[in-house]
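Biologist: I'm new to this one. Could you show me how to read a strand and a pair of helices?

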Amino acid sequence: MRLLSIFLLMFFNLFFSQNQLNLIPYPKNINVSSGEFIIPKTLLLDKNLPKEETEYFKKHLNADIKFQNVEKGAQLVYSELPKTNGKDQNDEFYSLEVSPKEIHIKSYTRQGYFRALQTLVQLFEGQESKKIPSLKITDEPKFAWRGMHLDVCRHFFSVEEVKQYIDYLAMYKLNTFHWHLTDDQGWRIEIKKYPKLTQIGSKRKESMIGAYVDNTFDGKPYGPYFYTQAQIKDVVKYAQDRYITVVPEIEMPGHALAALSAYPELACTKGPFESATKWGVFDDVFCPKEETFTFLENVLDEVMQLFPSQYIHIGGDECPKTRWKECAHCQELIKKHNLKDEHGLQSYFIQTIEKYVNSKGRKIIGWDEILEGGLAPNAAVMSWTGVNGGIEAAKSKHFAVMTPGSYCYFDHYQGDPQSEPNAFGGYTPLDKVYSYNPIPTELNAEQAKYILGVQANLWTEYILDFKHVQYMIFPRLMALSEVGWGTSDPKNYKNFENRVIQQFKILDKMKVNYARSIYNVSGKVIPSNNGVAYELSTSQNSNGIRYTTDGNDPTGNSQVYQNAISVSKPMTIKSAYFEDGQLKSAISSQQFSPSKTTGKNITLEQQPSENYSFGGAFTLVDGIIGSQKQLGKTWLGFQGKDVVAVIDLGQKTQFSEIYFNTLENKGSWIHLAKSAQVFVSDDNVNFKMVKEIGKDEIQNSKGKVKLNLGNQNSKYIKIKIENAGIIPAGNPGADSKAWLFVDEIGAN
């Protein structure tokens, strides 16, 4: 009998290790035993359960269950664990034991009890059999900061929508809500001492619509939209009840046009100013003079009264120095304080604000540009431009939150841009978010302690309503949740993906408009003997993929996908997933324009920015010409770097034309190349230049550059495309490094 019990226990553990429970984030430890708890029609609750948290559980459990408080025989019970002096105990720790008779939660704090309830909701709603296996979960997060950001300046969301957003964070055990409240396009927080901030700064005369390059506007006044202080107190309390800290962001010294439209005397020039109608970065910023600091201190006084968070986010990103360079007061300030330059002046600005915030018992956190000119003594860094800001902060014993754009910007595309709503750019699918490790490998164990955690950001230039907010965060928020909890396993991504699909049932009950990109057919270009081949995949059974190569939409009777599709001539491949002859996904479409460089070996002297590096150098010879309107996965982006590429044609090959594409989108700091040079070689050592063009020719081509080389017969092609360099005055992002975007380098 004992051997049978051991066998059954091994069977249950094996079964549930292979068929993991549909929990996100997955708990740290799960032990499954024999037996099961049958979910009743009426759940008996111990009358001594923590009241507020239990009410939340009852309200948010979508399963059809009634509840009854009892003194004896409860099916849900709770015990508070004793705290031991000197022991490092996590306030979010909980244990959850399920037996055939009861569910027993234990924790050190009510916060831990609340986290356990989120797991319990998923256990109840994820079991179609209405049975939960007997098990014991012991669980706690790895990272103290597990955050989501929401920009309400470009587009505004109501108090009820913000509360829904907070509920989503609570569902997946995130604990920080970063509320981006001020920017160039709108000031969204009531400051009683400065009423014009909301009277004037909370509205704009119109808004940009469509793709940025279209430069079109809706002609409709936007606003006034802002949150009253009473509404903010309500939201903060709502978040506190869900053990979520709200971190407010008040942008400075840049992204200040909305504030300057109300109080122009705070600028370096006289104005007048107005809230921005375009997206991007603007030259007019706060001037570091006494009246500006007095204004900001008064604003922060009211902000700190509303938000009890330890950290106050002061922005600090994308601050052009153009006005400061031209401002006599700023130049005198640089001399007076022996600052190196305008970057030193930015550090002076941030340190002045930090001293004031510290004097109130709080700390500042800012985007990684606050490192410019030297980091303020007690500041924490939010590393968004990559991981280097976080590395630099941690090595200098400053705390950092990792939020690199390449993994954590949820305004990027999450599927094929051709079948997705208009987005900012970039390509950040679910699996990429899930693959992120917030601890940079460059840090040792001691330095790694300064990484507070991870956060994703949702900027709303192209997000017009809350349904679109839902679409952009789900299901990527689930991946972020598991990364922050510390139980993600990129090697076992398929298991996570299956759990996500099961979680969709919960979102369906909530009527959440989540992205179904996970069901769509995705394509990957790979080298082949004939150039390239197109590999198709889906989260479902790949036998359900149907495709065409003639440009027609696939049907249930179209070709069944079995092997990578060879691409040796111009074609458009359309694909979709079908079940029982019925279309179940969006139709994916990819146009190919192969040339003599397609699929050939290519090397780059300098690598692209991590945010825009999908596919690496091979993207430049994959036979796909990127859309001028969508900075998705078909472009490589280089900030402040030239593109120097060498293509190995494999053997001496005749060609007479080289072409490449580049972009111009000055509002996003993207500039056309300054020049381009083409070289040829037979040995990859000795190169001869055969063509050179300058800025005017590239401008005239509008970025679609074709170069006539005469008759060439070479094995290697080298092309150098020169970055525009430092952005000149009068342009967004002046004095910063320009972006160079390049796609498809072809030869005919």
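Biologist: Which way do the residues of strand S9 point?

Modeller: In a regular strand, side chains alternate between the two faces of the sheet. In S9, Thr-176, His-178 and His-180 point one way, while Phe-177 and Trp-179 point the other way, and all are buried. Buried means under 20% relative accessible area, with exposed over 50% and partly exposed in between (1.4 Å probe, protein chains only). Strands (E, at least two residues) and helices (H or I, at least four) are DSSP runs, numbered from the N terminus. This is a predicted model, where local features need pLDDT of at least 70, side-chain atom pairs count only at pLDDT 80 or more, and totals for chains, interfaces and linings use all residues. Residues are numbered from 1 along each chain as its sequence is written, and side-chain values use heavy atoms, leaving out hydrogens and water.

Biologist: Why is S9 largely enclosed?

Modeller: Five of the five residues of S9 (residues 176-180) are buried, so the rest of the structure largely encloses this strand.

Biologist: Which strands run parallel to S9?

Modeller: Two strands pair if DSSP finds at least two bridges between them. Strand S8 (residues 145-151) is joined to S9 by five bridges, and five bridges also link S9 to strand S14 (residues 245-252). Thr-176 stands opposite Thr-245 in S14.

Biologist: And how are helices H10 and H11 packed?

Modeller: Two packed helices are described by the angle and the distance between their axes. H10 (residues 328-336) and H11 (residues 342-359) pack at about 85°, with axes 10 Å apart. Axes are lines fitted to C-alpha atoms, for helices over the stretch in contact (heavy atoms within 4.5 Å), and angles run from 0 to 180 degrees between N-to-C directions.
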